[in-house]
Every structure is written in structure tokens, then in C-alpha cells.
Amino acid sequence: MTKHKPAMKLLSAITLMALFANTPAQADTRSFKHPGLLHNQADFDRMATKVKAGAHPWIDSWNILVANPHSQLSWKPRPAPVIYRGRNPYGENYALLYNDAAAAYQTALRWKVTGDTAYADNAVKILNAWGSTLTGIGGDSNGCLALGLYGYEIANAAEIMRSYSGWAPDDFKQFQTMLLKVFYAGNHDFLTRHNGTQPSHYWANWDLCNMCSMLAVGVVCDRPDIYDEAVTYFKHGVGAGNIDHTVYYMHPGYLGQWQESGRDQGHTTLGVALMGTFCEMAWKQGDDLYGYENNRVLAGMEYIAKYNLGEDVPYIPYANVDVVQPVIADGGRGLARSGWDLIYNHYVNLKGIAAPYSAKFAEKVRPEGGGGNYGPNSGGYDQLGFTTLTATVDPCGEISAPSGLTASVSGAVVTLSWWGTPGAKNYTIRRAAGKGPYETVGEVADNMFVDRKTVADANYSYKVVATLPSGKTLVSSPASVSLAASLIGRVKLDVASHSAVIDTATPKAQLASTGAAVIPAILNGTDQYVQLPPEVLAGVTDCTIAAWVKVNGHAVWQRIFDFGNGITSYMYLTPISGSGKPQFSITAGSGRGEEQIVGTSPFPIGAWTHVAVTLAAGTGTLYINGLPVGTNGAMLMTPSQLGVLSQAYIGKSQYPDPYFAGIIADFRLYRGSLNAKQIAELAAKAPAI
């Protein structure tokens with residue numbers, strides 16, 4: 001991995017150890033499945049059976065493993081008290097650790113497949129050497145890479161060996177203590193502080209490797225609290241390892257643009273190995289992160305694979321706190337890293353979901369080597385490799401119907417995306433208008449369809465039919481959509497509990513009516529706010545957010561609302577921006593990537609004011625008292641792109657900005673964009689409060 005320019009001096013290894021030496025286990029009665037990281041006992045049994053039978057492709061990857069110098073009994077460990085990666089006065093020595101981690105893992109595999117305890121003894125010798133010697137990891141900020149990459153690698157070797165009777169309990173306990181004091185301490189510190197930088201300063205792989213290490217340490221050390229910390233970060237973390245930040249834009253057909261795609265393809269393809277490792281370790285413990293948010297991980301894998309197979313992919317400009325990347329990068333394009341057979345086998349052979357581009361890339365890389373930057377298709381020292389041997393499974397035998405069908409509206413156009421059926425010849429799209437019968441409206445070879453032959457304000461239901469070579473057909477579950485704006489709900493605010501209820505009882509036809517009296521939220525500008533449920537805008541593309549507000553304070557950047565996943569992925573409305581005017585912003589890539597609508601004049605202070613924001617077919621409009629005061633015709637981001645909202649605040653910012661001071665009433669959320677006339681009607685009558 002390319003070294004990162006140091007953001008600040010990394011704490012010395014000894015200092016880190018002193019800060020985090022005390023990591024007491026939390027009271028938690030849950031137990032882990034062992035072995036239960038990248039491999040479980042069923043995996044080892046399968047490997048042994050297939051290798052003994054000389055079955056392809058297992059035997060091909062096995063032959064690469066046994067030829068690797070790291071897997072030999074002659075390998076001798078070279079532990080060091082402190083490992084350095086990056087600029088420092090002592091020089092870099094991190095190759096000692098990654099080579100020994102590879103050796104421990106590979107000799108552990110050879111023991112589990114052959115039963116030869118000589119390899120088990122050698123693996124234990126390596127692990128004991130490091131467990132009794134390593135006290136810290138240092139260098140510049142690149143030391144954080146060593147904490148993540150080599151932490152998960154050596155922890156996986158230990159998880160394999162924990163059942164070996166030849167590993168003395170006291171030695172295993174000593175190794176667990178080392179994992180906690182050196183690796184977990186550093187992983188936690190990095191994911192919490194990011195070396196004192198803004199979270200988007202670091203690329204996805206920096207977070208992912210530390211997440212892998214944290215999760216692996218949690219399992220090896222039987223610490224559910226540490227394991228949960230890693231899983232929670234995957235779902236809601238502030239940095240690029242949050243899945244909604246890693247796969248930060250979903251293009252039609254479930255092509256998920258990867259966070260490092262504008263950087264280079266060497267780092268992007270490393271993300272495949274790290275994300276696959278993280279999800280597989282969680283899978284072994286019964287947590288399906290592969291399938292989280294409708295297989296968002298697979299969307300990222302398919303995007304990476306398609307581009308690195310030489311095909312074109314859509315791309316939107318990416319920005320973080322440091323850079324703006326207007327085009328996708330071609331550096332390292334086509335790099336054959338290991339890890340693809342893990343992805344392919346999980347989705348296609350286990351789950352029965354088509355992954356055409358990942359399948360092609362897995363075929364290109366197979367059979368995989370790995371470990372210590374040695375052998376064909378190894379991927380270097382930043383991954384363990386050999387997933388052709390370890391992850392290949394026979395097909396489950398169940399071919400799935402098209403799944404995960406979604407229908408999104410942009411203007412008058414409906415875009416369908418779904419996960420395909422392995423081996424399908426084509427897909428037929430069937431549509432029903434209202435309660436009418438389903439009729440065929442198209443046929444495609446891939447997993448997306450754009451329906452432009454729609455009628456204004458119509459309601460449609462869609463199904464996708466896969467046709468197999470045998471002639472058999474499989475039908476998806478339906479997806480429904482309305483081309484008319486519909487009220488998601490009016491928000492009943494409870495300032496005292498910081499909570500809210502989405503009122504869906506108001507008839508959706510009464511878009512312009514304020515309805516019954518609404519209890520307002522009176523916010524003191526100091527510590528009062530309301531939080532909405534995380535799924536409140538799930539799947540919403542075109543949308544409208546409207547409210548009556550009375551701003552009583554002049555604090556700059558106070559929020560009427562702020563929804564998102566931290567300070568790198570959000571959408572907000574402030575009555576007073578840095579320019580002194582109201583502003584709506586949305587981004588999935590930090591402030592540099594904001595798409596904005598800025599009002600033309602200052603927001604009224606001390607008076608009831610109706611405010612609304614609409615997003616429709618790539619155009620955003622800001623309304624004040626029923627009149628448009630700002631527009632942006634190049635808005636690619638929508639609420640659905642932000643994923644699950646870990647914070648959805650009314651009256652509070654996700655930044656350390658001032659709280660809203662004033663009153664908010666009749667806060668409304670719409671799926672679809674109200675037109676100018678409907679906005680004017682909403683603004684014509686103040687709420688009865």
C-alpha cells in the first residue's frame with residue numbers, strides 16, 4: 001500500500017500501550033463460534049476432502065500454497081519488540097511482522113488440511129514468539145496501516161490454532177493479551193481519532209484494515225464488546241469504513257462507486273480483499289454484513305470488477321477534505337489481487353445471486369496465491385490470499401429469482417434495479433398501472449431498466465421475470481412506485497425526549513392543507529433538538545422537505561434540519577449560512593463535495609416563515625414563503641444515496657455548530673417533488689398553533 005503523508009506524529013508504541021493497556025471485558029454472556037474468523041471447521045473439512053481428491057480449483061491453489069516459502073517447516077520467526085512502518089528515526093522493520101503473520105497462517109492451513117502436527121507446532125512457535133515479544137507499533141501515521149493489516153492477519157492464524165492441544169493455555173492467553181494491548185488499542189485509537197484529522201482525510205482501506213483487526217481481535221479474545229464496536233463502525237462509523245461512505249454512490253443496476261475509485265485501482269482492488277475479509281469474519285459469527293442495505297457490498301464489488309475488466313462504468317466526482325477527483329483513475333487498472341473467489345462464492349454459490357463481473361474477475365485471478373508478497377495472484381503482503389482454496393464451495397443448488405428490486409423516480413422517469421439470477425438468459429419487465437393487469441414493457445440482458453413511458457401522477461407496480469436457458473422462469477417480488485408526490489408524514493416533535501413520531505394519518509391527497517393544529521417545537525438554541533428515525537428517508541430520490549419556522553437567533557450555521565452519517569455524508573438546511581443567507585447542502589464526500597442551493601436574500605428573523613426544499617430529476621429548489629429563492633440544476637445526490645441515517649436531527653447540526661434558536665412547526669416529508677403551485681399552497685396558510 002502506498003504510504004500516506006503523515007497527518008501528525010503517531011504516538012509512540014509505548015505511549016499507545018500505556019493509554020490503552022486497561023481493556024477490561026464487558027459483562028456479556030454471548031459466546032463466539034470457534035474457529036470462527038475467515039474459516040470454520042466445515043471449511044477445513046471441505047478443503048481437506050477436495051485437496052485429497054485432487055479436485056480443481058482447490059488443488060491448484062493448494063499447490064501454490066505448498067510452494068510458498070512461508071508455508072515451509074524451515075521458516076523461523078523474527079519477532080521484534082516494536083514494529084515501525086513509515087518515517088521514523090529507527091528505520092522500517094514491518095516486513096518482519098507481515099512475513100511471520102503469513103507464515104503462521106499458511107502453516108496453520110497446512111496443519112488443518114493435512115493433519116500434520118509439525119506444521120501446527122511451527123505455527124505455534126511463530127505466534128508465541130510474537131505474543132511474548134511485541135509491545136507496540138510505531139512510525140508515522142503509516143503505523144496505523146500496520147496495526148490494521150497485520151493485526152487481522154496474525155489474529156486469523158491464532159484463531160485457527162486455538163484448538164490445537166499443543167498450544168499451551170498460558171501461551172495463548174499471553175497472545176490474547178498482546179492482541180488487546182497492541183492491536184486493539186491502536187485500532188480503537190485510529191478509528192476514534194484518525195490521528196486528529198477530519199475522518200475523510202483517510203481512504204477507505206485505512207479504516208477497513210483497522211476494522212478487520214478489531215473484529216478479529218474481538219473473536220480471538222472472546223470480547224463481544226470489541227466485536228460489536230467493529231460491526232457498529234461498519235454501519236455507522238464516521239470514517240470511510242462506514243459502508244455508506246465506502247460505497248458512496250449507487251448507480252443504476254447496483255453499480256456502487258467505490259470511495260477510492262478516483263485514486264487508483266491498486267488501492268481499490270485491495271478494498272475487495274479487506275471488505276470481503278471483514279464481511280466473511282462477521283458471517284462466520286452469524287452476522288450478514290454481505291447482505292446489509294440490499295447487498296451494498298456486492299454493488300461495490302461489481303463496480304470495481306467491471307472497471308478493472310476494461311469496461312466503462314459511470315462515475316460522479318468524488319471529494320474529501322483534501323482532494324477533488326473529477327474522473328475515475330486508471331492507474332493499476334486490471335491488477336490481479338487475491339480475494340475475488342471469496343466474493344464470488346459467497347454471493348453466487350452460497351446465496352444464488354448473480355454477480356457477473358465479480359465472477360469474471362474471479363475467473364481471471366483463479367487460482368489464487370497469497371501471503372508475504374509471493375507467488376501468482378498473491379496481492380502482496382497486505383492480504384492473506386488463497387481464497388480459491390479456502391472459500392470455493394459447490395453451488396448451493398438453489399437458483400434465486402431476481403431479488404432486491406427497487407423502483408426510483410426522477411421526474412417522470414422510473415429506474416428499476418435488481419439483483420439477477422445466475423445463468424439467466426434475459427429479464428422481462430412487467431408493469432401494472434394502478435390495480436390493472438401486468439403487461440410486458442421491456443426486455444433486457446442485465447439488471448436495470450429505465451421506464452420513460454409513464455403517465456403523470458400514475459401509480460405503478462413492477463415485476464422482473466428471469467428466463468433460464470432451460471426455459472424456466474423465475475419472478476421477483478413486486479416493487480411499487482408513485483409518480484405523484486406523496487406525504488411520508490408530518491413530524492410530531494417532542495423536544496423533552498429529543499424524539500419524534502412520523503404522523504402518516506394525514507390524508508396524502510391533502511398536500512396543500514395544513515390540517516389540524518400542530519404542537520410546535522420551541523428550541524432554546526442551547527441543547528434542544530429532535531431526532532427522527534434512521535429509515536425516515538430510506539429509498540427516497542426526488543423529495544420535498546417543508547416546515548414553518550420562526551428564527552429567534554442570529555447564530556450562523558444553526559440548523560433547521562441535518563440528516564446523514566456524520567460530517568462527511570449529510571444533507572442540511574440552515575437559515576443563516578456563512579454568506580448570511582439560507583443554504584441547503586447535500587454531499588456524500590465531505591464539504592468539498594457539497595451540492596448547494598443558496599438563497600438570494602437573508603432569512604427573516606423573528607417572523608413565521610414557510611421554508612421548503614425540493615429535489616427533482618437533478619434539480620434542487622429552495623423556497624421561502626412559497627416563492628423560489630434559489631436553484632441548482634446539477635444536483636446528483638439524493639437522500640437514498642446517504643444510506644441509513646445514523647443522525648437525523650431537527651434543530652441540531654452534525655458539526656459542532658450552534659443549535660437552532662426559535663420555533664419549528666408542521667415539519668413535513670414527501671416522497672417526490674411538490675411543484676411550485678403546491679409549495680405556494682402550503683405556504684398560504686400558517687399552521688394553527
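User: Is Gly256 buried or exposed?

Analyst: Keep in mind that this is a predicted model. Buried means under 20% relative accessible area. Gly256 has 0% relative accessibility, so Gly256 counts as buried.

User: Which strand is Gly256 in, and which residues is Gly256 in contact with, leaving aside neighbours within four places in sequence?

Analyst: For the strand, residues 255-258 form β4, and Gly256 sits there. Once neighbours within four places in sequence are set aside, the contacts of Gly256 are Val247, Tyr249, Met250, Ala299, Gly300 and Tyr303.

User: How many disulfides does the structure hold?

Analyst: A disulfide needs two cysteine sulfur atoms within 2.5 Å. Take Cys144: the closest cysteine sulfur is in Cys209, 8.6 Å away, so that is too far for a bond. Cys279 has its closest cysteine sulfur in Cys212, also at 8.6 Å and too far for a bond. For the structure, the disulfide count is zero.

User: And is Cys144 buried or exposed?

Analyst: The cut-off for buried is under 20% relative accessible area. Cys144 has a relative accessible area of 2%, so Cys144 is buried.

User: What about the second largest pocket: which class of residue has twelve members in its lining?

Analyst: The second largest pocket holds about 340 Å³ of space. Of its 20 lining residues, Pro356, Tyr357, Ala445, Asp446 and Asn447 are the closest to its centre. Helices α12 (292-308) and α14 (356-365) each supply at least two residues of that lining. By class, the lining has three charged residues, five polar and twelve nonpolar.

Methods
Residues numbered from 1 in each chain as written. Predicted model: local features only at pLDDT ≥ 70, side-chain atom pairs only at ≥ 80, totals over all residues. Heavy atoms only, no water. Buried < 20%, exposed > 50% of the residue type's maximum accessible area, 1.4 Å probe, protein only. Contact = heavy atoms within 4.5 Å. 1 Å grid on protein atoms, 1.4 Å probe; cavity = no way out; pocket = protein on both sides within 12 Å on 5 of 7 lines; lining within 4 Å. Points joined across faces, edges and corners; volume = space filled by probe spheres on them. Nonpolar A, V, L, I, M, F, W, Y, C, P; charged D, E, K, R; others polar.
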